[in-house]
Every structure is written in structure tokens, then in C-alpha cells.
Amino acid sequence: MSIWWSLHLRREAASVPLARRLLVGAMETAGVDPDVSYDLSLALSEACANAVEHGGDASTTDYRVTAFIDGDTCRIEVTDSGPGLPRGRRARALAAHSARAPQPACQAPTHQAPAPQARQSVTSRDTPLAEHGRGLFLIEELTDRVRFRDRPGRDGTVVTFDKILKWRDDAPFMAS
């Protein structure tokens, strides 16, 4: 059995908690572990907030959220009609995500400084303590797989992320 839903939401701040509550409700009903549900709901909130803030101009008033729970995986897509991710930001997001390699549990993460020619200027938006610019990083950290792409043949961005689900012992979804 699988669960699927799609929402068309107005690009307003009030739409973000609505999407989050619907996801949490579906996950709770299905029997998804609350910690996994929390991670996905936070990632969804970040993706929706980006769509609200950056997802278009005055003529684009909505964005779409689609969620699939199929077996042990949840996939969420947030699609907007904005200008898309700037090439530099998109490249950094993809590079940061693909460069992450799992470290053995007993080994501290290793960090290497980039080669001098690869260094880029750091703006306040790129720093971990910046007020804006952490949404894509959070989505990457909270989920198992993330993809960023431009909408084919149209303006806009599609952010897709997957997470492997854990289930409560009494999960009705798993019983079917």
C-alpha cells in the first residue's frame, strides 16, 4: 500500500505550517516513527519557506507540494515558479551534498581546506550562523537523498528529497 497527496498552496507564510501539519498527520496515521516524521516535517518547512520567499514574482501566487509514502521510503517534491536556483548556489548545494561521505562512527569527521584557486569569497549569507541561506543545508542534513533541478521548459525549481522511514511497533500502515 502507498499514500500519495499533492497540494497547491498560495505563496504565503501561512501555507508553510499547513503543509507541515498535513505531512505530520499523514505520517502519524501511517505509523511513522515520530523522530523521522519530525525530520521530514522540518525539511518540508524549509523547502516551502524557500518556495514562498524565492518562488516567483507578483504574478506567481502558488507552489506545489507532493508527498509519496511507498513502502519504507517517503519522497517529497516542492515545485515553484521562481527564477530557479542561481547557478553558483545550485552548484554549491549539489557539491556540498555529493561531497558528504559517511565517516566511521569512531572517527571524527575530517575537513580539508579547498585549494587556493578553488576558494571563493564567503559572504554573510554563506556562513553557518547567517540568518538566511541555511534551508537547503538543513534539507540535505535531515534527509537521505536530495535533488535540485530546474523545471523543464519553464521557470521554477523542483526540490525533491527522500527519507527511509522507520515505523512504530503498532504502525497500521505496515499491517496492511
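This talk walks through one predicted model, from its sheet to its helices, its core and a few single residues.

Five strands form an open sheet, and their order is 1-2-3-5-4. The pairing is antiparallel. Which strands sit at the edges? Strand 1 and strand 4 do, and each pairs on one side only. From one strand to the next, the twist averages 10°.

Now the neighbours, pair by pair. Strand 2 and strand 3 are joined by seven bridges and run antiparallel. Within that pair, Val 65 stands opposite Val 78 of strand 3. The two strands make a hairpin with two residues between them. Look at Gly 71 there: its phi is positive, near 65°.

Move on to strand 3 and strand 5. Seven bridges join these two as well, and they too run antiparallel. Here Glu 77 stands opposite Thr 160 in strand 5. Then come strand 4 and strand 5, which are antiparallel over six bridges. Arg 149 faces Val 158 of strand 5 as its opposite residue.

Helix 1 touches strand 1, strand 2 and strand 3, and its direction makes about 170° with that of strand 1. Helix 4 touches strand 4 and strand 5, and its direction makes about 140° with that of strand 4.

Back to strand 3 for a moment. Why is strand 3 described as largely enclosed by the rest of the structure? Because five of its seven residues are buried.

Next, helix 2. It runs over residues 34-54, which is 21 residues. From its first C-alpha to its last it reaches 30 Å, close to the 30 Å expected at 1.5 Å a residue. Check its two ends. At the start, a side-chain oxygen of Asp 33 comes to within 3.0 Å of the backbone nitrogen of Asp 35. After the helix comes Gly 56, with a positive phi near 150°.

The largest nonpolar core has 38 residues. Those with the most contacts inside it are Leu 40, Leu 44, Tyr 63, Val 65, Ile 76, Phe 161 and Leu 165. Several elements each supply at least two of its residues, including strand 1 (2-10), helix 1, helix 4 and strand 4 (145-150). Which element gives the most to this core? Helix 2, with nine residues.

Take Leu 165 from that group. Leaving out residues up to four places away in sequence, Leu 165 touches Met 27, Val 32, Val 36, Leu 40, Ile 69, Gly 71, Asp 72, Thr 73 and Cys 74.

Now a residue in strand 5: Lys 163. Is Lys 163 buried or exposed? Its relative accessible area is 11%, under the 20% cut-off, so Lys 163 is buried. Its side chain reaches the backbone oxygen of Leu 142 at 3.0 Å. Beyond its neighbours within four places in sequence, Lys 163 is in contact with several residues, among them Val 36, Leu 40, Asp 72 and Asp 144.

Thr 60 counts as buried because its relative accessibility is 17%. Thr 61 counts as partly exposed because its relative accessibility is 43%.

Their contacts come next. A polar atom of the Thr 60 side chain lies 2.9 Å from the backbone nitrogen of Asp 57. Past its neighbours within four places in sequence, Thr 60 is in contact with Arg 11, Gly 55 and Ser 81. With residues up to four places away set aside, Thr 61 touches Leu 9, Arg 10 and Arg 11. Finally, Thr 61 and Glu 12 are 49 residues apart along the chain, and 8.3 Å separates their C-alpha atoms.

How values were computed
Residues numbered from 1 in each chain as written. Predicted model: local features only at pLDDT ≥ 70, side-chain atom pairs only at ≥ 80, totals over all residues. Heavy atoms only, no water. Helix = DSSP H or I, 4+ residues; strand = E, 2+ residues; numbered from the N terminus. Expected span 1.5 Å × (residues − 1). Polar contact = N/O pair within 3.5 Å; in protein donor to acceptor, adjacent residues only side chain to side chain. Core = buried A, V, L, I, M, F, W, Y, C linked by side-chain atoms within 4.5 Å. Buried < 20%, exposed > 50% of the residue type's maximum accessible area, 1.4 Å probe, protein only. Contact = heavy atoms within 4.5 Å. Pairing = 2+ DSSP bridges. Axes fitted to C-alpha atoms, helices over the stretch in contact; angles between N-to-C directions.
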